[in-house]
Amino acid sequence: MEIIGKISKGTNMDQIYISKQRDGMPIGEYVLIKPITIDEKIKIEEKKKQKYYFYGVKEIEPIKLKIIKEIFNVISKINDKIDNVIITGSFLDEGFKFNDIDILIMSNSNIDHSIINNRLKNLTGVKTHLIILTNKELLAGISTDPLYQSMLSKCVSMRRIIYNIDNKVYRINYKLLDLQLLKSKIVLDSFDYLNGAEVYYYLYNLISIYLFLKNKRITKSEVENKIKNLFGDKDKIKSKIIDKKEFLREYKVIYHELFSVIMDNIRKENGSKQK
Amino acid sequence: MVQNRNKFIGLLIGNISNAIVHEILEKAVSSKPEISIKYKKEIRNSFEIAKIYRSKINPVNKSLPEKDVQDIKNRIKRIVTNELKLRISKGYKGISLDLIDITIDKKLKELKLEIKCL
């Protein structure tokens, strides 16, 4: 058994940290420490570079993984001032029913959308949707907008995503939530004209906002579980094998409840701004 | 079939109205650029759906009959105005009702529902 470690600086003695989860090398045993060769060092650096972080992605098709690697390579070559690249959206869902690839680029420097978009389109042949933002903006987005939380609940990133939401600093942007909720209104207006997949999409949006306003975590499984509890089986909704009257009654109750909460808070926000 | 035509017109109206309300409300939201980028995508999606339904209503490449256009316009205006006024009555500030007519005309032209001759 061999473990590769890095020497770190200590107060009295320098040290090498090794994982507690290891086969062998128990406490008290003598070990031999020796420097690694340059070739081995290069291999480790390469491995480190190729290590990506998967959040909420249990399985992914090899071809998609190849595309993700290429995207990371291309973007990091275009600009070396990029803090992180995050791939999210329907591209990570099982199968190939995606419209485009949603890419979040975290950087404090100015980045040209068009250069990256063109390079990626030439490379993958798929339309990409870039959102370039700073760490601070991402943090604000996560705290104020359920879409961000939903996006980051299932994503692949070039580097580890670390965020700590401070509720005292960031406040929910209720006007943006109103815009989000508005999308789901179409189910109440044109249920008969929508297919099952569309109904499910708008229901998913509605429940994401519902969980967000209740300070719950917004992950795909959390939203799906809530939908199951309130509206029943996902496949039945997608196939529209549902009791329309009952479904719309429940949907309407939640929609109006959320609308009231959002409007109350917009009024409060306006009031506090006037003071 | 007349039934299908009415169905598509209904869907078209729902989606255009949503896109218009969205566009007007977006102007009332003081947000950072990246959020606008994201929401522009949402509007495009909603408007893209409207385009699909427009392509199913004849005549596809010409303006619809004046009577139909007026009816569609009135229905959209009613939905959009109701949605915006509802918000204003709840204390939402910064919504410009003046944008309704201009935005409706713009969207109808984009969808080739109304082509005005100069």
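Among the elements of chain B, helix α2 (residues 33–54) of chain B has the lowest mean pLDDT, 64. Helix α3 (residues 66–89) of chain B has the highest, 93. This is a predicted model. Chain B as a whole has a mean pLDDT of 82, and 80% of its residues reach 70 or more. For the complex, the predictor gives an ipTM of 0.80 and a pTM of 0.70.

**Chain B: overall build**

- Chain B has four helices and zero strands.
- From the N terminus on, its elements run α-α-α-α.
- Of the 118 residues in chain B, 31% are buried.
- Take the contacts in chain B between residues at least 6 apart in sequence: 84% of them join residues at least 24 apart.

- α3(B) has 24 residues. From first C-alpha to last, α3(B) reaches 34 Å, close to the 34 Å expected at 1.5 Å a residue.
- The buried residues of α3(B) are I72(B), I76(B), V80(B), L84(B) and R87(B).
- One of these, I76(B), is also among the residues that touch the most other members of the largest nonpolar core.
- Just after α3(B), G91(B) takes a positive phi of about 105°.
- P59(B) sits in the loop between α2 and α3 of chain B.
- The peptide bond from N58(B) to P59(B) is cis, with omega near -5°. Most peptide bonds are trans.

**Nonpolar cores**

- The largest nonpolar core holds 49 residues. Those touching the most other members are L203(A), I209(A), L12(B), I16(B), I20(B), A50(B) and I76(B).
- Helix α1 (residues 2–28) of chain B gives the largest share of this core, 10 residues.
- A50(B) touches L12(B), N15(B), I16(B), A19(B) and L111(B), not counting residues up to four places away in sequence.

**Where the chains meet**

- On the chain A side, 21 residues are in contact with 25 residues of chain B.
- Four elements of chain A each supply at least two residues of the side that touches chain B: β6 (128–133), α6 (174–183), α7 (186–190) and α11 (244–274).
- The largest share of that side, six residues, comes from α6(A).
- By type, the residues on the side of chain A that touches chain B divide into 11 nonpolar, four polar and six charged.

**Chain A: helix α2**

- Helix α2 (residues 62–78) of chain A has 17 residues. From first C-alpha to last, α2(A) reaches 25 Å, close to the 24 Å expected at 1.5 Å a residue.
- Which residues of α2(A) are buried? They are I68(A), I71(A), F72(A) and I75(A).
- Seen down the axis of α2(A), the buried residues fall within an arc of 95°, so they line one face of the helix.
- On the other side of α2(A), P62(A), I63(A), K66(A) and K77(A) are exposed.
- The cover over the buried residues of α2(A) includes β4 (82–88), β5 (101–107), α3 (113–124) and β7 (155–157) of chain A.

- Most residues other than glycine have a negative phi.
- M25(A) has a positive phi of about 50° although it is not a glycine.
- M25(A) lies in the loop between β2 (15–16) and α1 (38–49) of chain A.
- M25(A) counts as partly exposed because 13 other C-beta atoms lie within 10 Å.
- M25(A) touches M1(A) and V31(A), not counting residues up to four places away in sequence.
- M25(A) and E2(A) are 23 residues apart in sequence and 9.2 Å apart in space, C-alpha to C-alpha.
- N215(A) has a positive phi of about 60°, and N215(A) is not a glycine.
- N215(A) lies in the loop between α8 (196–213) and α9 (220–231) of chain A.
- Is N215(A) buried or exposed? N215(A) counts as exposed, because 8 C-beta neighbours lie inside 10 Å and the cut-off for exposed is 12 or fewer.

Methods:
Residues are numbered from 1 along each chain as its sequence is written. Chains are lettered from A and ligands numbered from 1 in the order in which they are written. This is a predicted model: local features need pLDDT of at least 70, side-chain atom pairs count only at pLDDT 80 or more; totals for chains, interfaces and linings use all residues. A nonpolar core is a set of buried Ala, Val, Leu, Ile, Met, Phe, Trp, Tyr and Cys residues joined through C-beta atoms within 7 Å. A residue is buried if 20 or more other C-beta atoms lie within 10 Å of its own, exposed if 12 or fewer, and partly exposed in between; C-beta atoms are placed from the backbone. Two residues are in contact if their C-beta atoms, placed from the backbone, lie within 7 Å. Ala, Val, Leu, Ile, Met, Phe, Trp, Tyr, Cys and Pro count as nonpolar, Asp, Glu, Lys and Arg as charged, and the others, Gly among them, as polar. The expected span of a helix is 1.5 Å times one less than its number of residues. The arc is that of the directions from the helix axis to the C-beta atoms. pLDDT is the predictor's confidence in each residue, from 0 to 100.
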